[in-house]
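Student: I am new to this structure. Please show me how to read it, one feature at a time.

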Amino acid sequence: MLDPRLFRNELELVQQQLKRRNIDFDAAGYLTLENRRKDIQVKTQELQNERNTRSKAIGQAKAKGEDVQPLLDQVQDLGDQLKTAESELTAIQSQLNSIMEGLPNILDESVPAGKSEADNLEISRWGELPQFDFEPKDHVDLGEPLGMSFELGAKIASARFVVLTGKLATLQRAIIQLMLDTHTNQHGYQETYVPFMANADSLRGTGQLPKFEEDLFTIKNDPTFYLIPTAEVPVTNIVRDVIVDAKQMPLKFVCHSPCFRSEAGAYGSDVRGMIRQHQFEKVELVQIVTPEESAQAHEELTAHAENMLKILKLPYRKVLLCAGDTGFSSTKTYDLEVWLPGQQKYREISSCSNFKDFQARRLQARWRNPDTGKPELVHTLNGSGLAAGRTLIAILENYQNQDGSIRVPDVLRQYMGGLELIK
RNA sequence: GGAGAGAUGGCCGAGAGGCCGAAGGCGCUCCCCUGCUAAGGGAGUAUGUGCCAAAAGCGCAUCGAGGGUUCGAAUCCCUCUCUCUCCGCCA
């Protein structure tokens, strides 16, 4: 959520900033509502004040043994007035709130203009593209003989599910273990285990609700639970309604979890293979930092994700997402795209975002600033470090041999009992 | 699933219609005192929010959550959530 004070004081600026996201914000309409809110709220609070004072007077009169009937007569119609004013206020506040909840974050100045993926800005490339003296296969052709079955996934659940058996399942687990170990031992993150279902408050806190409900799987339950689309949701919600001790900042969490996405808007795209699944494994990095640290933390977190690709020796590029491609809650996002020889393309394998105080405001996640002694909103960041399913794909395709066998990357062998070749 | 107990500030804990944003204790911060340490004395110490550019100030809201009764609710009533104990079932 954006800062309501920004709307009161610098409405044109907000409007201008939202324009970068192609949002035509109705400032005049907002202003009308906001002015009404102000009137009603002031009126309501005046009435509340009157009720409180009069009630107190009644109490005091009674204590002295005076006749309170005249006082009671005076307040007779106050209750009704107050009730009307209060319900009016609630209505307009929820109206304003739903406008605010539907507005995306303001973009960082460094975010380039643009509409789609095509306008993203390439920042850097790393690694040599592998050269094959044969036609490289894609991960489906490589995977199926080794224990990757989309048929079984479909039988057990539906399309966009997969079953991995044997060394491929082990490989995915090895990838996850390597990532967790690296982030905890070398990058200073705390390993975390969380629920894989979350309630509506949690999803509202990180920004998936109310606007993106159709992207989520829901659990029939009262109250409704949602399958997490990313560990970002449960992990970031650790600090919901919390005032973090300044000494504990920054908080750095790493969490492996399955992720569940309905892919409601993705009909027909990436239907082949493991690229886009309803369920996939991911290792997520989350940082809770002070406002002045967040820009630097964003660079570091991205570097931590990049390091995984480096130690796996997977060629990738880093892109800065343009205005149109940057997610709802984010101010600035770097995507890491790994090279897939089977597609002859770079494909997203990590997305690292700085949300600044946008999620924190929804979450009421704060820290106590020692300079002011006051609670202030934290900044939240997260990034995949990395998506394990897509890492598996990248390894299959980049480490393939002509006979369809797969070399196991050096750093993964210790997690696979020394295995060097999957065949 | 059955039976019971509970939820109050950073923590413990009182409070049972008005004088309660809430006693007391612990903790924490600052000050004083004692050559150091231990002990002692004093002051302060919730959050959100409205009016306001902001501060100050003055309000409003918040005692698990949501409703209700009442002039007035931490306190009474209803619903829900969570925690704990016992029984049953269970990885």
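**Reading the model**

Tutor: Start with Gln 343, which is in contact with Ile 275 and Glu 397, leaving aside its neighbours within four places in sequence. Contact means heavy atoms within 4.5 Å. This is a predicted model, in which local features need pLDDT of at least 70, side-chain atom pairs count only at pLDDT 80 or more, and totals for chains, interfaces and linings use all residues. Residues are numbered from 1 along each chain as its sequence is written, chains are lettered from A and ligands numbered from 1 in the order in which they are written, and side-chain values use heavy atoms, without hydrogens and water.

Student: Where does Gln 343 lie?

Tutor: Helices (H or I, at least four residues) and strands (E, at least two) are DSSP runs, numbered from the N terminus. Gln 343 lies in the loop between β12 (332–340) and β13 (345–356). The C-alpha atoms of Gln 343 and Tyr 189 are separated by 34 Å, and the two residues are 154 apart along the chain.

Student: How many of the residues of helix α13 are buried?

Tutor: In α13 (residues 388–398), 11 of the 11 are buried, so the helix is largely enclosed by the rest of the structure. Among them are Arg 390 and Glu 397. Glu 397 is also one of the contacts of Gln 343.

Student: What is the picture for chain A as a whole?

Tutor: Chain A has 14 helices and 18 strands. Of its 423 residues, 49% count as buried. Its C-alpha atoms fill a box of roughly 100 × 45 × 40 Å, taken along the principal axes. Take contacts between residues at least 6 apart in sequence: 73% join residues at least 24 apart.

Student: Which residues does the UniProt annotation "binding site" cover?

Tutor: UniProt positions are given in the numbering used here, feature names are shortened, and annotations may be inferred rather than shown by experiment. The "binding site" annotation, from an unreviewed entry, covers Arg 261, Ser 262, Glu 263, Glu 348, Ile 349, Ser 350 and Ser 351.

Student: Where is Arg 261?

Tutor: Arg 261 is in the loop between β9 (251–260) and β10 (279–289). Its relative accessibility is 30%, so Arg 261 counts as partly exposed. Not counting residues up to four places away in sequence, Arg 261 touches several residues, including Asp 215, Phe 217 and His 278.

Student: What does UniProt place at residues 171–409?

Tutor: The unreviewed entry gives "domain: Aminoacyl-transfer RNA synthetases class-II family profile" there. Over residues 171–409 the chain is 26% helix and 32% strand. The end C-alpha atoms are 10 Å apart.

Student: What should I look for in the backbone?

Tutor: Most residues other than glycine have a negative phi, and most peptide bonds are trans. Here the bond from Leu 209 to Pro 210 is cis, with omega near 5°. The bond from Met 249 to Pro 250 is cis too, with omega near -5°. Pro 250 lies in the loop between β8 and β9.

Student: Which residue has a phi near 55°?

Tutor: That is Lys 313, a residue other than glycine with a positive value. Lys 313 lies in the loop between α11 (294–311) and β11 (316–320). At 55% relative accessibility, Lys 313 counts as exposed. Asp 270 is not a glycine either, and has a positive phi of about 50°.

Methods. Buried means under 20% relative accessible area, exposed over 50%, partly exposed in between (1.4 Å probe, protein chains only).
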